[in-house]
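Hello,

Here is the structure I promised. Please open it alongside this note.

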Amino acid sequence: RGTEDWAPPRFQILFFLHPPQKREAVVAAQNSMCAGCGTPIELKYIKKLRYCEYLGKYFCECCHRNDESPIPSHILTKWDFSKYPVCNFSKQLLQSIWNDPLFNIYCINKALLSKVKELRKSGIQEKLIHIKKLLSSCRLAESAMMEFQQVHPHLTRELYLYSLNDLTRMKCGLLVPGLKDILKTALAHVEDCQLCLGKGFICEFCKNKKVIFPFQTNQCKRCNTCKACFHKDCFKSEECPKCLRIQTRKELLLTFQQPMD
């Protein structure tokens, strides 16, 4: 479908803002055709064309009914959830991906994590990811695991990954309270479950007998190598007790494997 001078819009996820350009320049780049249907546009009629904020192109009135939508690039760049005019194609595209987890904030625009107060609460999501792994291995946690079904699975599977719907609900203050409720239920289970407590860690630096877990991100840290958990204030990566034990065991094994003279 299409011609030598025109091709129809294609499905694509755009993360970038379109640079401001004069209408005449954009229409000229479109070969003076509607970007939606390829209808040739005479110069005297270009002021009647309608701009699509998502695709950054101009469309005729048949291909652009002045529908509006939040634009991913505006959200991910400026945390701007205002609605902008979009063509019929873009409106349908954005509606079709509204609930799809396509946007990793850390990869797309890491700076937003420190600038936007709603995103700074992602620590709750990180705790849920860790505690869900613990509960999934507990045969007594069926009731607590049911709570996780209240939210889309990606929110408790991968950090910073969101859909447009997630980001909109976060902006409106509707997402975080639900995550907090799930976390509260999960924590209550762990505190009363001997099976879960048995899978916790004792900090080998300070020897405190209180069990700690990776989901306690405010006070605990995991060794990147062996994944053991310690208090943040105690941890020294170059002196990780578990790593030292593993290294000693390897060296001892090599000693036994060496041929006798």
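This is a predicted model: local features need pLDDT of at least 70, side-chain atom pairs count only at pLDDT 80 or more; totals for chains, interfaces and linings use all residues.

Residues are numbered from 1 along each chain as its sequence is written, and side-chain values use heavy atoms, with hydrogens and water left out.

**Pockets**

First, the terms. The search runs on a 1 Å grid over the protein atoms alone. A pocket is an open set of points with protein on both sides within 12 Å along at least five of seven lines. A cavity is a set of points where a 1.4 Å probe fits but cannot get out. Lining residues have an atom within 4 Å of a point. Grid points are joined across faces, edges and corners, and a volume is the space filled by probe spheres set on the points. Helices (H or I, at least four residues) and strands (E, at least two) are DSSP runs, numbered from the N terminus.

The largest pocket holds about 500 Å³. Its lining has 25 residues, and the closest to the pocket centre are Gln 30, Ala 35, Leu 55, Gly 56 and Lys 57. Both α1 (23–29) and β2 (57–59) supply at least two lining residues. The largest share, three residues, is from β2. By class, the lining has 15 nonpolar, six polar and four charged residues. Here Ala, Val, Leu, Ile, Met, Phe, Trp, Tyr, Cys and Pro count as nonpolar, Asp, Glu, Lys and Arg as charged, and the others, Gly among them, as polar.

The second largest pocket has a volume of about 160 Å³. Where does this pocket lie? It lies between domain 2 (110–198) and domain 3 (201–256), because both give residues to its lining. The domain bounds come from an automatic or database domain assignment. Among the lining residues are His 130, Lys 133, Phe 213 and Arg 222. Helix α6 (residues 123–135) gives the largest share, three residues. Five lining residues are nonpolar, two polar and three charged.

**Cavity**

The count is one cavity of 30 Å³ or more. The largest cavity holds about 60 Å³. Two or more lining residues come from each of α6 and α9 (175–192). The largest share, three residues, is from α9. The lining includes Glu 118, Tyr 162, Met 170 and Leu 179. It divides into seven nonpolar, two polar and two charged residues.

**Helix α8**

Just after α8, Gly 173 has a positive phi of about 80 degrees.

**Positive phi elsewhere**

Asn 66 is not a glycine, yet has a positive phi of about 65 degrees. Asn 66 sits in the loop between β2 and β3 (67–70).

Lys 207 is in the loop between α10 (194–197) and β7 (220–222). With a relative accessible area of 57%, Lys 207 is exposed (over 50%).

Best wishes

Terms used
Buried means under 20% relative accessible area, exposed over 50%, partly exposed in between (1.4 Å probe, protein chains only).
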